[in-house]
Amino acid sequence: MSVCIENKLTGQRIVFLIEGRGEEQLVIRMSYRGKGMAPPLHYHIAQQEKFFVISGELMLYNEGKLDRIEAGNSFQVEPFQEHAMWNAQEGCTELDWMVYPALNTAGFLRESFAMANKQVEVGKTARSESQIIGVAEGE
């Protein structure tokens with residue numbers, strides 16, 4: 001059974017297709033909503049990543065070079081390669097993402113998405129409370 005998680009802050013959605021751990025492989029289907037923001041540059045010390053763009057297009061910053069990766073194309077990121085990717089177009093982008101070795105990437109993604117979602121909820125609550133206070137003060 002596939003497990004799906006969503007990051008309400010970035011609009012990313014992940015379906016875990018093969019949830020490997022440790023030395024196993026992790027396979028994910030990722031979707032990005034349109035006009036996403038570029039994430040911070042990062043690299044992985046011991047992991048290799050392979051990506052296949054299913055639909056839409058992805059902006060890839062890899063090793064100092066910016067590329068547009070269109071549907072039907074793939075790319076690979078080796079350990080220690082600085083990279084970042086995002087969807088700069090209007091529509092949704094979907095891709096398959098393979099990570100080897102998996103290590104605890106699935107756990108990291110779950111935790112980071114949960115923290116982002118909590119931040120979104122806290123922001124909604126804070127806005128609601130300030131609106132209520134504003135109404136009370138205006139009376």
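Helices (H or I, at least four residues) and strands (E, at least two) are DSSP runs, numbered from the N terminus. This is a predicted model, in which local features need pLDDT of at least 70 and side-chain atom pairs count only at pLDDT 80 or more, while totals for chains, interfaces and linings use all residues. Residues are numbered from 1 along each chain as its sequence is written, and side-chain values use heavy atoms, with hydrogens and water left out.

**Figure 1. Overall arrangement of the predicted protein.** One helix and nine strands are present in the protein. Their order along the sequence is β-β-β-β-β-β-β-β-β-α. Of the 139 residues, 34% are buried, where buried means under 20% relative accessible area, exposed over 50%, and partly exposed in between (1.4 Å probe, protein chains only).

**Figure 2. The nonpolar patch at Tyr 43, Ile 45 and Phe 80****.** Together, Tyr 43, Ile 45 and Phe 80 make a nonpolar surface patch of about 360 Å². Patches are made of residues with over 30% relative accessible area and no salt bridge; like charges are joined within 9 Å, and nonpolar side chains (Val, Leu, Ile, Met, Phe, Trp, Tyr) within 5 Å. Accessible areas come from the Shrake-Rupley method with a 1.4 Å probe, and for residues only the protein chains shown count as cover. Tyr 43 lies in the loop between strand E3 (26-32) and E4. The relative accessible area of Tyr 43 is 44%, so this residue is partly exposed.

**Figure 3. Strand E4 and its pairing with E7 and E9****.** Two strands pair if DSSP finds at least two bridges between them. Strand E4 (residues 48-55) is antiparallel to E7, with four bridges between them. E4 is also joined to strand E9 (residues 93-100), again in the antiparallel sense, by seven bridges. Lys 50 has Gln 76 of E7 opposite it and Met 98 of E9 opposite it as well. Glu 49 is placed opposite Val 77 in E7.

**Figure 4. The two faces of strand E7****.** In a regular strand the side chains alternate between the two faces of the sheet. Strand E7 spans residues 74-77, with Phe 75 and Val 77 on its covered face. Ser 74 and Gln 76 belong to the uncovered face of E7.

**Figure 5. The salt bridge between Asp 96 and Arg 29****.** A salt bridge is a side-chain nitrogen of Lys or Arg within 4 Å of a carboxyl oxygen of Asp or Glu. By this rule there are six salt bridges. In the one formed by Asp 96 and Arg 29, the closest N and O atoms are 2.5 Å apart. This pair links distant parts of the chain, with Asp 96 in strand E9 and Arg 29 in strand E3, 67 residues apart. Asp 96 counts as buried because its relative accessibility is 16%, whereas Arg 29 is partly exposed at 30%. The C-alpha atoms of Arg 29 and Val 53 are separated by 9.9 Å, and these residues are 24 apart along the chain.

Figure 6. A salt bridge joins the side chains of Arg 110 and Glu 19 at 2.6 Å, N to O. The side chains of Thr 105 and Gln 47 are joined by a polar contact of 2.8 Å. A polar contact is a pair of N or O atoms within 3.5 Å; within protein, one must be able to donate a hydrogen and the other to accept it, and residues adjacent in sequence count only if both atoms are side-chain atoms.

**Figure 7. Asn 7 in the loop between E1 and E2****.** Asn 7 is located in the loop that lies between strand E1 (3-6) and strand E2 (13-19). Its relative accessibility is 5%, so Asn 7 counts as buried. The Asn 7 side chain reaches the backbone nitrogen of Thr 10 at 3.0 Å.
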